[in-house]
Amino acid sequence: MADNNIQPVEHEHNDRVIFGFWVYLMTDLTMFAVLFAVYAVLRNNTFGGPTAGELLKLPQALAETLILLTSSFTCGLAVLAANAGSKKQAYLWFGITFLLGATFLGLELREFSHLLADGQSFRNSGFLSAFFTLVGTHGLHITVGLFWIAVSMVMMHVRGLTASIKSKLVRLGLFWHFLDIVWIFIFTIVYLMGAAR
Amino acid sequence: MNQKTVFKYVLGLLLSIFLTLLAYKLVVDQTFAGNKLIFAILTLALVQLVVQLIFFLHVGSEPRPHWNLAMFVSTVGLILIIVVGSLWIMANLNYNMTPQQIQDYITSQEGGF
Amino acid sequence: MQHFLIGNLTTDALPHQWFTLGGTCFILLMSVVVVLFLTYTKRWKWLWTEWLTSTDPKRIGIMYIIMASLMLFRGALDAVMIWLQQALSSGASYGYLDPSHFQQIFTAHGDIMIFFVTMGFLFGLLNFIVPLQIGTRDLAFPFLNSLGFWLYVAGAVFINLFFVIGGDFAATGWLALPPLSELAFNPGTGVDYWIWSLQISGLGTMLGGINFLVTIIKMRAPGMTLFRMPMFTWTALLSSSLVVAIFPILAATIALLWLDRFFGMHFFTAGFGGNMMMYVNLIWTWGHPEVYVLIIPGFGIYSEVVSTFSQKKLFGYYSMVAAAFGITGIAFVVWLHHFFTMGAGADVNAFFGIMTMIIGIPTAVQIFNWLLTMFRGRIIFKTPMFWFLGFISTFTFGGIAGLLLASPAADFQLHNTLFLVAHFHTMVIGGALFGIFAGITYWFPKVTGFRLNERLGKYAFWCWLVGFFTAFTPLYLLGLMGATRRLDHYDAGTGWQPLFITALIGICIIGIGALLQVLQIFVSFKQRKENRDLTGDPWNGRTLEWATSSPPPHYNFAVIPTVESRDAFWNMKQKGLTKPKNYQDITMSKNTGLGIYLSGFIFLLGFAFVWHILWLGILGFAGAIICVIIRAYDDDTEYVITASELRQLEEKETLH
């Protein structure tokens, strides 16, 4: 409690910035909602090509899901460590998060390249366009997140755990958790519902 | 690190893994058929959403007034409007517009002529 | 190699038609004049440090309004060209425009008027007034505010750029509906310009929306609870929430259209399992709430104006807030009324028709509240009040036309006719634009320190009102007779020409009104000594923006006021104003040029996408990322005005 009284201005500023970032996340969520709606409308428009159930491999999607879920967990621990002022632990947990995120992205790219190699391009049908765009947009967000983690680690190394860096790490954490939440729905709607008969 | 918060994260992780695996298993085994299965896995996804919101994002634990929560709830409402509204409208347009889809739709709804 | 360097650009892209040559010459001439003026008066540095790099919402607000006025000129020119063509092009005469050019003009007209004029004016007013009304010194994110403004400027440049490079704009209508806007039917760069203009300015709008939302929720003066907020702030809050809710939909939708065009995907194509109706559905999910983004702050302005000039508190404050909430909420569930005729069944059409009619109820509540505010008030008939009364007549008129259109059965007759065109112009001009004019006249002394000339203002108002009805009543009639919108030629036997000519006369009268407004500003500036506002409170105002001097110091309030009731300043005056004595150090945000650089790089990125220039795209993208990182890790963004400096500044102010 005493902490809050020392620098009320700083605290107020932080509160404002985090709320602003939260509002941004909501706009991002709305954007994903549009992509989901488009996918839901176009998912049967395969133009004679294979359907989601025939194309997508569930075990790999499950692996991706569990990896991203774990990374969301480690990211939470990383932010906790940073807030507690433990730089070493923050490096460790953010490092693990980065590796898990990169693995997730690698798996996703592998899936994409297999599909493209099989001639299942995003140019083939409305369904494939929607699939590549929805999953790809999430992947793009993950890429941004990975880049953000990397920059944060460098800046943490240069400047140490200052109040401003901590506040940014909290937002990074929110972003990463948010990506996991979006993925739950991609997993459910694209992969599981694709396989459900 | 705060033990209580770490515990929250661990609990959130375990619950999420459990819900993911459950949904996966339902689909692989095709435990239910058709719409029931879809309803089940969507429900599981929603439950997992709530779990992650509470355990990872700590929504609702901020001091009053709950602006973050309010923003989130209104966004969910908006998303429902966009997704459900679009699906409803597009299904209706399909029903009224393209001959092939009318055929398919009537077949699926009414079991053919 | 050539493709690597300049992508799809060829010499064909240089201006070679009369309108692109004219546009280019005009742009060049204007630039030369501005450059010479700035160099001659040695104002480059002043312009850069005091204005362009400013993070002060008041300055950004003024820049928004200047930019919006310029775009209003451009959009109005388009309107005159459309009407001139329609007045001439009957029977054997085919007017002076070829069909493709005509299509580009009405497309540009719509986009400019919505995105760059009305939105620009509103963001200008919001920037200037909201922080003052809620008793704060700045917005929550001053840098984002500057960036948002510069993205808006970049978008505005983009929509005019085709004059200089490219030669054609989207010939699709203002929403670029597919499949017409797909590559197969619009292979030129016009639609790409359209996409990136909206994408870039839309990003700016969204940042602005987030900024206002956070500012109003988190930064109100002590004591200002939600239900003590002035009505304009309420409407600013609701309008910003709408922006935050819907602009992601726009961004996603036109991004998908771009994917179709750029990567050959099939979201909205006619073949390959694309569904063009999904685009219509999504764009209107954004589009309908968007018109409420435009009109709701207008409601706030009218509330302030009516209450001030009736010298009474606003009648039915709670019902007013509830009505504004109702309009905001229902705005999300009416979008299908824009495409009743697309083939939805009776159940869907009925639902959206009924929801549309319901939205008339809260709107009517507001109108009755305003009228009851005037009832038994001591009304002072200044120009803002004239705009308000004009609004009541036009808005009721247009609202009833809207209720007609809300009935699907009637809409099948009226859809895409000039009746619809007349309806939404009544709402946007008679509702939003009149509100903006009322607001500008009302707050002008606060912004500049002197009042606008009353007599010229009233003349301008009468020209606008008479011109408006002369121009748009014929369109209602034409629509009922079956004249479709976007008509570049019609048969002489229809007998429509006299009505079209009447409409053209109407817009000329509006033009005189606009000229009078320009004159009004010049005359008022010349007479500024007589019209000077020394008190900071020229209208005997009720809300906090009048509690500070005119124009306000850059820190707005030396001491943040404590609010004890609604109409905070009115009640302070009743109690007797006291000069604050206890100054404290205050923190203000520094100016920064990064917003300009960042939006410049994003502009380059958009340009690279339009012309498929890889290296330029990479440059723009990398530059933008670097700007973001620099800003994110810049901890030196604020400066402190100490209490003693503040005291000196305030004492100097009192001496004036």
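Does Phe609(C) count as buried, partly exposed or exposed? Phe609(C) counts as partly exposed, because its relative accessibility is 22% and the buried class is limited to values under 20%. The points below place this residue in its setting.

1. Confidence. The model is predicted, and it scores ipTM 0.94 and pTM 0.95. Chain C has an average pLDDT of 93, with 100% of its residues scoring at least 70. Among the elements of chain C, the highest mean pLDDT, 97, belongs to helix α8 (residues 231-263), and the lowest, 81, to helix α21 (residues 643-655).

2. Chain A. This chain has 7 helices and 0 strands, which follow one another along the sequence as α-α-α-α-α-α-α. Its C-alpha trace spans about 65 × 30 × 25 Å along the principal axes. Of the 197 residues in chain A, 61% are buried. Contacts between residues at least 6 apart in sequence join, in 81% of cases, residues at least 24 apart. The chain exposes about 7,600 Å², of which carbon and sulfur atoms supply 64%.

3. Over all chains, the whole structure holds 90 aromatic pairs. One of them joins Trp83(C) and Phe472(C) edge-to-face, at 5.4 Å centre to centre and with 65° between the planes. Trp83(C) lies in helix α4 (residues 57-88) and Phe472(C) in helix α16 (residues 454-481) of chain C, so that the pair links distant parts of the chain, 389 residues apart. Both Trp83(C) and Phe472(C) are buried.

4. A stacked aromatic pair. Trp196(C) and Phe609(C) are stacked, with 4.9 Å centre to centre and 15° between the planes. Trp196(C) belongs to helix α7 (residues 190-218) and Phe609(C) to helix α19 (residues 594-611) of chain C, so the pair ties together parts 413 residues apart in sequence. Trp196(C) is buried, with a relative accessible area of 12%, whereas Phe609(C) is partly exposed.

5. A nonpolar surface patch. Met1(C), Phe4(C), Leu5(C), Ile6(C), Trp615(C) and Leu619(C) form a nonpolar patch on the surface, with about 610 Å² of accessible area together. Helices α1 (2-6) and α20 (614-632) of chain C each supply at least two of its residues, and the largest share, 3 residues, comes from α1(C). Phe4(C) is found in helix α1 and counts as partly exposed, at 43% relative accessibility.

Definitions and conventions:
Residues are numbered from 1 along each chain as its sequence is written. Chains are lettered from A and ligands numbered from 1 in the order in which they are written. This is a predicted model: local features need pLDDT of at least 70, side-chain atom pairs count only at pLDDT 80 or more; totals for chains, interfaces and linings use all residues. Side-chain values use heavy atoms; hydrogens and water are left out. Patches are made of residues with over 30% relative accessible area and no salt bridge: like charges are joined within 9 Å, nonpolar side chains (Val, Leu, Ile, Met, Phe, Trp, Tyr) within 5 Å. Accessible areas come from the Shrake-Rupley method with a 1.4 Å probe; for residues, only the protein chains shown count as cover. A salt bridge is a side-chain nitrogen of Lys or Arg within 4 Å of a carboxyl oxygen of Asp or Glu. Helices (H or I, at least four residues) and strands (E, at least two) are DSSP runs, numbered from the N terminus. Buried means under 20% relative accessible area, exposed over 50%, partly exposed in between (1.4 Å probe, protein chains only). pLDDT is the predictor's confidence in each residue, from 0 to 100. Contact means heavy atoms within 4.5 Å. Rings of Phe, Tyr and Trp (its six-membered ring) pair if their centres lie within 6.5 Å; planes under 30 degrees apart count as stacked, over 60 as edge-to-face and the rest as tilted.
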